[in-house]
Amino acid sequence: MPSKIAIINGPNLNLLGTREPNIYGAQTFADYYEQLQAEFPEVTFSYFQSNIEGELIDELHRVGFSTDGILLNAAAYTHTSVGIGDAIKAIDAPVIEIHISNTFAREDFRHQSYITPNAKGLIVGFGLNSYRLGVQSLVG
Ligand code: DQA
C-alpha cells in the first residue's frame with residue numbers, strides 16, 4: 001500500500017478558486033488539499049506548486065526517487081514541455097497525469113500532451129475530484 005504521494009501542480013493552479021471558475025471550479029486548492037489529507041489519513045502527502053518549468057522539473061527529481069507515486073498536473077506545460085516529459089522518464093516513481101477540465105473537449109492545442117506517453121495513467125475532466133481518483137488509483 002503506497003504511503004507517500006506527492007502532488008505537483010503547474011502554472012496558474014495557485015489561482016484555483018478564482019481562476020475561470022466556470023472551468024476550474026470555485027474551491028481553492030489549499031481547501032481541497034485539506035479534505036484530501038483527511039480522507040486518506042494513512043497517506044503522507046507532499047504538495048508543490050510552481051509557475052516555473054524548471055522548478056517543476058527540480059521537484060520531480062526531488063521526490064521522484066523517494067515517493068510511492070506522483071500526481072502531476074503540469075497545467076499549460078503539459079502541452080509544451082519536452083523537459084517535464086523527460087523528467088518523468090528519468091525518475092523511478094509512477095506519475096499519474098491529472099487534469100481538472102476535460103482537455104479533449106477544449107481547444108486542439110490541449111489535446112497534445114508530453115506527459116501522457118511517460119505516465120502510468122491519465123485522469124481528466126472530473127474537476128478537483130480528478131486528484132482524489134488519482135490517489136485511489138495509487139492506493140487501491
Ligand atoms: C489543466 C488543463 C490545461 O490545458 C490548462 O493549461 C491548465 C489546467 C486542467 O487541470 O484542466 O492550466 O491542466
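1. A friendly place to start: helices H2 and H5 are roughly parallel to each other, because angles under 35 degrees count as such. Their axes come within 11 Å and cross at roughly 30°, and the crossing is right-handed. Axes here are lines fitted to C-alpha atoms, for helices over the stretch in contact, with angles running from 0 to 180 degrees between N-to-C directions.

2. On the H2 side, the contact (heavy atoms within 4.5 Å) is made by Phe-29, Tyr-32, Gln-35, Leu-36 and Glu-39, and on the H5 side by Asn-129, Tyr-131, Arg-132 and Val-135.

3. A word on provenance: this is a predicted model, where local features need pLDDT of at least 70, side-chain atom pairs count only at pLDDT 80 or more, and totals for chains, interfaces and linings use all residues. Residues are numbered from 1 along each chain as its sequence is written, and side-chain values use heavy atoms, leaving out hydrogens and water.

4. Which residues of H5 (129-139) are buried? They are Ser-130, Tyr-131, Arg-132, Gly-134, Val-135, Leu-138 and Val-139, buried being under 20% relative accessible area with a 1.4 Å probe, protein chains only. Their cover includes helix H2 (29-39) and strands S1 (4-9), S2 (44-49), S3 (69-73), S4 (95-99) and S5 (121-124).

5. Those five strands form an open parallel sheet, ordered S2-S1-S3-S4-S5; strands pair if DSSP finds at least two bridges between them. S2 and S5 are the edge strands, each pairing on one side only. Four bridges join S4 to S5, and Glu-97 has Leu-122 in S5 as its bridge partner.

Technical notes: Buried means under 20% relative accessible area, exposed over 50%, partly exposed in between (1.4 Å probe, protein chains only). Helices (H or I, at least four residues) and strands (E, at least two) are DSSP runs, numbered from the N terminus. Angles under 35 degrees count as roughly parallel, over 145 as roughly antiparallel, 65 to 115 as roughly perpendicular and the rest as oblique. A crossing is left-handed if the near helix is turned anticlockwise from the far one by less than a right angle, and right-handed if clockwise.
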